[in-house]
Amino acid sequence: MKHVTIKDIASRLCLSTSTVSRALTGDKNIRRETRDQVVALAAELGYKRNEVALGLKQGRTNTVGIIVVEMVTPFAAEVIRGIQEVLYKQGTRVIIAQSDENPATERENLHLMEQFRVDGILIDPCHNLENDAEYRRIQAEGTPLVFFDRIPENEAVSKVTVDDYIQSFFLVEHLIRSGRKRIVHLEAPSYITNAVNRKRGYRKALEKFEIPYDPALVVKAGVSIEDGRQAAARLLQEGVSFDALFAFTDTLAIGAMNYLQEQGVLVPEEVGVAGFSGTVLSTIVHPQLSTVEQPLAEMGRTAAQLLLERIAVPETPPRSVVLKAELKIRHST
């Protein structure tokens, strides 16, 4: 179906396109009768203003790109909800893309956002180094970026995070104080900055209580529920003795906990299980999962506000905001 244009309305009314354009924007210099005629015909024909074209005339599209690593769990949905709370009030729309933990896909998404001429990009990067050159190029060409949750190696960026190190320390400390001494850590790949900091918190807690660090208790995993299941299976198959498990994310923890229970391991009586994320998933499993609950909607709101600052004043120096997360101790530990 052909879109109705200003030119179509002008032709029907024997007016110039500039007159029609001004009439549709309520220009007081256009006679009232003419304005009424134009508005009435526009409604009859189903005319819709081309916001993109209008934005481009003003040097902006009033559109922001959002790139997340996945949309399977509620994590991204909560962050996006916070982003939209801020942007929609400003009349800014969003384009959402998923990298699926793949740097090449993330790069394609970045190029897509450029093609749509977005005013800025909010991104949860899947790798701390892989696309750093692209981030630098895009910002140098005038499109501001703000990072949330995970961050790139480049420190000179605006970002919103939580203190992964200290919160992981507190969670592992809780496990130790509850009597656990053989604590497994399911770690994510080291190219995720959060993974490095959460493992650091795990090691620091062991150090505080003079529990020797045992490499056999540190299992390399991915980030998904299935990755957690496979990691738990390896632990049991290899006969590793452990009485607690701290996972990089809730999804890993839930996958591991489900598998352990299927094999007859009692949670928390035999093995305490804890994660990190704090999405609703942690409350709909049995037993409910102890975790670090991140303020996800607030993370989205803060990231959106930082981006609006940089769009309005491109010279705004990068800002780093660290939000307060909360330890949620539940039945799994």
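This is a predicted model: local features need pLDDT of at least 70, side-chain atom pairs count only at pLDDT 80 or more; totals for chains, interfaces and linings use all residues.
**Entry 1: the length of H3**

I began with helix H3, which runs over residues 32-45 and has 14 residues. I looked up the distance from its first C-alpha to its last and found 20 Å. That is close to the 20 Å expected at 1.5 Å a residue.

Which residues of H3 are buried? I noted Thr34, Arg35, Val38, Leu41 and Ala42. These five lie on the same side of H3, because they cover an arc of only 140 degrees around the axis. An α-helix has 3.6 residues a turn, so residues three or four places apart point the same way. I then turned to the other side of H3, where Arg32, Ala43 and Glu44 are exposed.

**Entry 2: what covers H3**

I asked what covers the buried residues of H3. The cover includes helix H1 (6-13) and helix H2 (17-24).

**Entry 3: Thr34**

Is Thr34 buried or exposed? Its relative accessibility is 9%, so Thr34 counts as buried, the cut-off being under 20%. I left aside the neighbours within four places in sequence and found Thr34 in contact with Leu15 and Thr19.

**Entry 4: H2 against H3**

Two packed helices are described by the angle between their axes and the distance between the axes. For H2 and H3, I found that the axes come within 9 Å and cross at roughly 85 degrees. That angle makes H2 roughly perpendicular to H3. On the H2 side, the contact is made by Thr19, Val20, Ala23 and Leu24. On the H3 side, Thr34, Arg35, Val38 and Ala42 make the contact. I had already listed these four H3 residues among the buried ones.

**Entry 5: the end of H3**

I looked at the residue just after H3, which is Gly46. Gly46 takes a positive phi of about 75 degrees.

**Entry 6: H10 against H11**

I moved on to helix H10 (residues 225-237) and helix H11 (residues 250-262). Their axes come within 6 Å and cross at roughly 45 degrees. H10 is therefore oblique to H11. I noted the crossing of H10 and H11 as right-handed.

Which residues meet here? From H10 I listed Ile225, Asp227, Gly228, Arg229, Ala232, Ala233 and Leu236. They meet Thr251, Leu252, Gly255, Ala256, Asn258, Tyr259, Leu260 and Glu262 in H11.

Notes. Residues are numbered from 1 along each chain as its sequence is written. Side-chain values use heavy atoms; hydrogens and water are left out. Helices (H or I, at least four residues) and strands (E, at least two) are DSSP runs, numbered from the N terminus. The expected span of a helix is 1.5 Å times one less than its number of residues. Buried means under 20% relative accessible area, exposed over 50%, partly exposed in between (1.4 Å probe, protein chains only). The arc is that of the directions from the helix axis to the C-beta atoms. Contact means heavy atoms within 4.5 Å. Axes are lines fitted to C-alpha atoms, for helices over the stretch in contact, and angles run from 0 to 180 degrees between N-to-C directions. Angles under 35 degrees count as roughly parallel, over 145 as roughly antiparallel, 65 to 115 as roughly perpendicular and the rest as oblique. A crossing is left-handed if the near helix is turned anticlockwise from the far one by less than a right angle, and right-handed if clockwise.
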